[in-house]
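Please look through the model shown here.

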Amino acid sequence: MTAITQSGLDALVARRRPGHSLEAAFYTSQDVFDLDMRLIFGRHWIFVASEPEVPEAGDYVTVQLGGTSVVLVRDDDMAVRAFHNVCRHRGAVILRDGKGFVGNLVCPYHQWTYDLTGALIHAENMPSCVGSPEHGLKPVHVRSLAGLLFICLADEPPVDFDDVAAQVGPYLAPHGLQDCKVAAQIDLVEHGNWKLTIENNRECYHCGGHPELLCSLFHFFGYTAADVTPAQAEDYQRFLRTQTEFEAIWDAAGLPWRALEDLHGRPTGFRTERLALDGPGESYTMDARQASRRLVAGFTQPRMGALHLHTQPNSWHHFLGDHAVTFATIPVAPGRTLVRTTWLVAKDAVEGVDYDVDRLTEVWRATNEQDASFVEMAQAGAASAAHEPGPYAPAEYMVDAFCTWYIERLRAGMGQ
Amino acid sequence: MTAITQSGLDALVARRRPGHSLEAAFYTSQDVFDLDMRLIFGRHWIFVASEPEVPEAGDYVTVQLGGTSVVLVRDDDMAVRAFHNVCRHRGAVILRDGKGFVGNLVCPYHQWTYDLTGALIHAENMPSCVGSPEHGLKPVHVRSLAGLLFICLADEPPVDFDDVAAQVGPYLAPHGLQDCKVAAQIDLVEHGNWKLTIENNRECYHCGGHPELLCSLFHFFGYTAADVTPAQAEDYQRFLRTQTEFEAIWDAAGLPWRALEDLHGRPTGFRTERLALDGPGESYTMDARQASRRLVAGFTQPRMGALHLHTQPNSWHHFLGDHAVTFATIPVAPGRTLVRTTWLVAKDAVEGVDYDVDRLTEVWRATNEQDASFVEMAQAGAASAAHEPGPYAPAEYMVDAFCTWYIERLRAGMGQ
Amino acid sequence: MTAITQSGLDALVARRRPGHSLEAAFYTSQDVFDLDMRLIFGRHWIFVASEPEVPEAGDYVTVQLGGTSVVLVRDDDMAVRAFHNVCRHRGAVILRDGKGFVGNLVCPYHQWTYDLTGALIHAENMPSCVGSPEHGLKPVHVRSLAGLLFICLADEPPVDFDDVAAQVGPYLAPHGLQDCKVAAQIDLVEHGNWKLTIENNRECYHCGGHPELLCSLFHFFGYTAADVTPAQAEDYQRFLRTQTEFEAIWDAAGLPWRALEDLHGRPTGFRTERLALDGPGESYTMDARQASRRLVAGFTQPRMGALHLHTQPNSWHHFLGDHAVTFATIPVAPGRTLVRTTWLVAKDAVEGVDYDVDRLTEVWRATNEQDASFVEMAQAGAASAAHEPGPYAPAEYMVDAFCTWYIERLRAGMGQ
């Protein structure tokens, strides 16, 4: 818990050994956490919600990045706007709920009132403030990528988001996220650093610990043939056959499926790829069959596999024929991370008729709990004086890439 | 949460913009909190209790200022003394309860025993220590202002307390606080910095949020005619008429009522004024009628309005014809503040006959909860990276004065 | 809570006044706590368990020293080994339970597998790591002193442990701890600094607060005739007579009993002495009679008194004719300390027949709770700005010696 000086942080970053996990201080130090909040979460595009969470004008969600509360609200022109959720009078937080509906944004303390464009339209006894840009809500950059909402707290956000959108957009667009609705949302606080949550997500070397997920997902995410053990050989052959079948399905449907991977060397690292699924191959359910009878977008049959998307620093997503599931990772403290999981189904699907929430969420609820346990044991180990970075397995190359990206971004932010 | 260096603190203090609220770090930083505890709560007169809380010899209360525990005890000569509540042997806290009765002060660890003057009168096997001033309890300065007990932890307390007592005494004396008894006491921990608690108390610009209080209090505390909105005009006229009626009542009773206000430019800032009350004008109750049938002191009729008193840094009070209510604000952490509210009635009033505790406390219990909510939302906003001091409304001038006083006192303490 | 600089720590250490308790910062400061964990608990022999806690090959216990988790495991050759409980791959904690049984040590994250010598024997897809010393579990020094297990986290542990073992061994050996079994173990978290726990243990000046313990223990531990008060004179005479009786018993049994005391001037300070017990003199029970009908080792009658042992920094022990009780003090935070108490009886004693756990543990459960209360009041006092080191009574000389040792060890560690 000892404070780390600036030169200590410089040295820590400089010491990073490629191919190896990060030093313990990256997970335990309050100073590194503060740095992460400033240089990573304060300057990059952060996935926080999806458009179906704010379907109508006046609908809002609030998100908390460190101490900073941001409100995303759909305005009267149906655009999603983002503002700092802080009154310009005495600095009170304006909207305290996680989601809701408003006509205007009214501070509950002294009733200063802002419209959905953030303009101050009422301040009792302070007429000179009304309408003044100096007293309007401070805007926050917000972008929708095929319905996924990203915000950036920096004055000048990374410009490579346009390129990511151009590359990833064609993969996502066929899934019609804007025409979905939220079926379920679960917040889980993991007892570990946010980077452990992301690192854990970037490899399937630990997937033996996910029996429910392996009902549909092949164990070989991140693997090459060279990584397959003799015991896995038969499964791997089935995986290769299934992959070939799915490629035909995707090609027939005009869906791009080849992996796009650009995990470091840029501010907005990302990866997307369409994944073959095992068995019936329809969905992340215990029987790998669809969870919602109503397919999303224009899909005509459920066996579509899963489109996965990673964005750095903080999200991953799966788009299936019958639903989508998004994951937002929000740091809370050096050893606490919020993982918000949202399941979305076609807007006209009827709960209890077309889908059952328990069945829809069963696999990822279990998987998230298992991942939380892995993250917690890794966090516990990082507290040890004996902790030392170990070597990554080949199948963990994406974890290595994430760490490389992270160190690059710290260096860029620290002016190294 | 980043540590603030001395030069950072200097700059923070130097940047204060008059007419605007304080920067966020004043509410969130542990370093500023430590500074507040040292320079404000360690060097000024702090209201902590009233004489009716220790009516008999041996009665004590303990109060906690930061880590420092102080005991106030009435000695055998009926004077109230204050001591550091720490044994001179192994440093254990001697009295662990918030209030009680003792013959002597006996440390429960090794039975070192002090009399009510703080002298060590027993220490087993250590006869040379007994009676030695070096081993007596360390005294703390304590003063009674018409029954209100103030302590000061500094070796040399601010000398202007005498002047405050001389000015305020004639306002308070007729209320006979020493002849009252405690009817109720409630501790509330607000989730905000102590300065937000005080700032909130110093304006009625937010009083729309206090429907129970507005049953008796006019909305115009801190207002001038220029601040009154058209919608408030009729109420304001009634307020002016009522004020005239009350002035006649006060004059007839020989009660001083004009505002005395000296909120900055001195260590012991204060404000007192007699306030007209709405409707029956008797008390802070839901019907504005008296809560206790037994009036305090020599009052012969209940329609006496409310004498208010503010003292800096940490108290406010209301004295009515039938009861008094005192508020002590004690910082607990940067974002936690104890507000101790005490209701006092005439010593010979009988609970259940002359007064009902629920009715007596109803308005301020509700008001305190509402204020706690306002403080909490202001504290939440101060955590935001986007927090920025905003302008005070004219009716918030006392808040501005408090901040001015606070910055002055920090500067004095920091030797600027 | 203000951070203490290196020069501040130097000054704090330099200011220590012999014969007086330590300054408050030694108990409250996070910086001192970090120093304690590094220089005291990181470099000395720490008592953590006893051999009967890991009786069979594969049996393990884990202990937590600050963030560092250590596993003590009995290997296939029946030796007790200690390792850092952290996987060499991604740094996860391997064994999360406090005790258990394993064949190998398998990391639950990615199944890296170590044998009981700490060698890596399996790592999927990473054959080059298997068997490499660089990827084996990091060993921790461990020593058994007549069955008491001490670990040292330093690369080069204090060499004087051999001397302590040579001196103390003959006192302990007759009690046959290796042939005992654990009858009960209780963890208690005291709300105070670990040094307050130890200091409290090193004197009987407070023993008036331990009525249950005084059923068997004479009040005069640490006392000389000069310290006895007139009210204690009769008890003291009985103590002297009883002592003479016990010396004859011990001599007849060939048991060394004279005090060995070397509390400072060396890294591994210690004290041992055989104590006469009051009344029947058999055990620490409410009637001072044996708690287990089955005596330990080869004792033929129960009236053996109590062999006590202190080791610095963190343990004390009592060995009786019918059982032993060990106490390990483990710092958790500046104001939190784990006290682990373990009662051991002869391996062949049968619970419910030969001994009753409630009766066996009754006295020390009560005594521990009382001590926790004393520690808590001392910790509370240390938070006060008025806290000042006071003088030790003559009967507290061992507390003074402990503080002297502690300051010496800090100085040695800080290179003073």
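**From a sheet to the assembly**

In chain A, an open sheet is formed by 7 strands in the order E11-E17-E16-E15-E14-E13-E12, with antiparallel pairing. Strands and helices here are DSSP runs numbered from the N terminus, a strand (E) having at least two residues and a helix (H or I) at least four; two strands pair if DSSP finds at least two bridges between them. Strand E11 (180-190) and strand E12 (260-262) of chain A are at the edges with a single partner strand each, so one side of each has no neighbour in the sheet. From one strand to the next, the twist averages 15°.

This is a predicted model, in which local features need pLDDT of at least 70 and side-chain atom pairs count only at pLDDT 80 or more, while totals for chains, interfaces and linings use all residues. Residues are numbered from 1 along each chain as its sequence is written, and chains are lettered from A and ligands numbered from 1 in the order in which they are written.

Val182(A) has Leu344(A) in E17(A) as its bridge partner. Helix H4 (residues 161-172) of chain A lies across E12, strand E13 (270-275), strand E14 (306-311) and strand E15 (315-319) of chain A, and runs at about 20° to E13(A). Such angles run from 0 to 180 degrees between N-to-C directions, with axes as lines fitted to C-alpha atoms, for helices over the stretch in contact.

Chain A as a whole has 8 helices and 17 strands. Of its 416 residues, 51% are buried, that is, with 20 or more other C-beta atoms within 10 Å of their own, the C-beta atoms being placed from the backbone.

Where chain A meets chain B, the contact takes 25 residues from each of the two chains; residues are in contact if their C-beta atoms, placed from the backbone, lie within 7 Å. On the side of chain A that touches chain B, helix H3 (30-40) and strand E3 (68-74) of chain A are the elements that give two or more residues.

Chain C can be laid on chain B by a turn of 120° and a shift of 0.0 Å along the axis, with an RMSD of 0.1 Å, after least-squares superposition on the C-alpha atoms of residues with pLDDT of at least 70 in both. The two copies are therefore related as by a three-fold rotation axis. Ala3(C) is the residue of chain C that comes closest to the rotation axis, at 5.5 Å (C-alpha).

Notes:
A residue is buried if 20 or more other C-beta atoms lie within 10 Å of its own, exposed if 12 or fewer, and partly exposed in between; C-beta atoms are placed from the backbone.
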